[in-house]
Amino acid sequence: MTSMTGYAYEEKSTEQAEVSVEIKSVNSRFLDLTVNLPPYLNQIESYFRAKITQNVLRGKVDVYIRIRENESDSEVIADTNAAVAYMNAIKKIADATGFSDDVSLGLIISQPGVLNVSKKYDVEKYKAMIDPVFDAALKKFNADRAREGENMKRDLEQKLEKLAECAKFFTDWQPKMEQIFKEQITTKFRELLEDKADENRIMTETAAMLVKYTINEEIVRLNSHIKAMRDELSNNPAPGKKLDFICQEMNREINTIGSKNQFAEVGAMVITAKDSLENIREQSKNVE
């Protein structure tokens, strides 16, 4: 089992550049992935996105890839035509205004477009620089999510065991409920009819009460859902969506048991079961 929340950071320095990769994720119903790269490397974004999607199924994942270069591949290009045009224009202004026509080189080269910086971006070179740093960060990220996932699994198993105890209580109470119904109906009949109470009539009324208030079917289905959740926790490496569905089904059965209940003891256990289920539901939202 893996958590949807995780964090990792990795960096590496070479003579050429310093590369850092940061990966962090939080809960999300689906996979929401953002890869932040320098704009000149956008064409290799899909390469790193694919590495994430091979490892992550759900969650809001943000990836930050940063590069600070120590050596520059920049080339400065002089536009001599622009420089001459600026010089001629400045001289015309000087003639028209009576100012000195001395034009300094510093004034000319400071004008826009006279000196242009052209940077060469070897995308494959940058990809090779980033790749090992990215892989190391991704390994840490997966390990962090797996470690948290194991903690969550143990917590879910404990909460599920508490819910199973509630289901056992309901199971044990079912025959008691039947006996109590029979005793209550028998008492009422004998109060009204004394020795004339008909045993068959008592059994018929008892059966009618049981049809209305029995929780046997709900208990069977609740135990089935508990078993299904245990199977998911044990066998499914990414059970998050399935756990959410099972929680919905469990909630339906517990609510029905509560609506049929006629006894304080069962009502108290229904509250405990709902509390346990809510804890399971909240924790399952963190599961991939």
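Q: Why is D131 called buried in this model?
A: D131 has a relative accessible area of 17%, and a residue is called buried when this value is under 20%, exposed when it is over 50%, and partly exposed in between, judged with a 1.4 Å probe and the protein chains only; D131 is therefore buried. The structure is a predicted model, in which local features need pLDDT of at least 70 and side-chain atom pairs count only at pLDDT 80 or more, while totals for chains, interfaces and linings use all residues. Residues are numbered from 1 along each chain as its sequence is written, and side-chain values use heavy atoms, with hydrogens and water left out.

Q: Where does D131 lie, and what does D131 touch beyond its neighbours in sequence?
A: D131 belongs to helix α4, where a helix is a DSSP run of H or I with at least four residues, a strand is a run of E with at least two, and both are numbered from the N terminus. Once residues within four places in sequence are set aside, D131 is in contact (heavy atoms within 4.5 Å) with Y47, F48 and K51.

Q: How many helices and strands does the protein have, and what part of its residues is buried?
A: The protein has eight helices and six strands, which follow one another from the N terminus as β-β-β-α-β-β-α-α-β-α-α-α-α-α. Of its 288 residues, 35% are buried.

Q: What makes D144 and R147 a salt bridge?
A: A salt bridge needs a side-chain nitrogen of Lys or Arg within 4 Å of a carboxyl oxygen of Asp or Glu; the closest N and O atoms of D144 and R147 are 2.8 Å apart, so the pair meets the rule.

Q: Why can the pair of R230 and E161 be said to tie parts of the chain together?
A: The side chains of R230 and E161 form a salt bridge with an N to O distance of 2.9 Å. R230 sits in helix α6 (residues 216-235) and E161 in helix α4, so the bridge links parts that are 69 residues apart in sequence. R230 is partly exposed at 35% relative accessibility, and E161 is partly exposed at 38%.

Q: Which partner does E282 have in a salt bridge, and which residues are joined by bridges that share partners?
A: E282 pairs with K285, their closest N and O atoms being 3.3 Å apart. Salt bridges with shared partners also join E217, E218, R221, E253 and K260 into one network. The count of salt bridges comes to 22.

Q: How far apart are K260 and Y213 in sequence and in space?
A: K260, a residue of helix α7 (residues 240-260), lies 47 residues from Y213 in sequence but 5.2 Å from it in space, C-alpha to C-alpha. With residues up to four places away left out, K260 touches K212, Y213, T214, I215 and E218. K260 is also one of the buried residues of α7.
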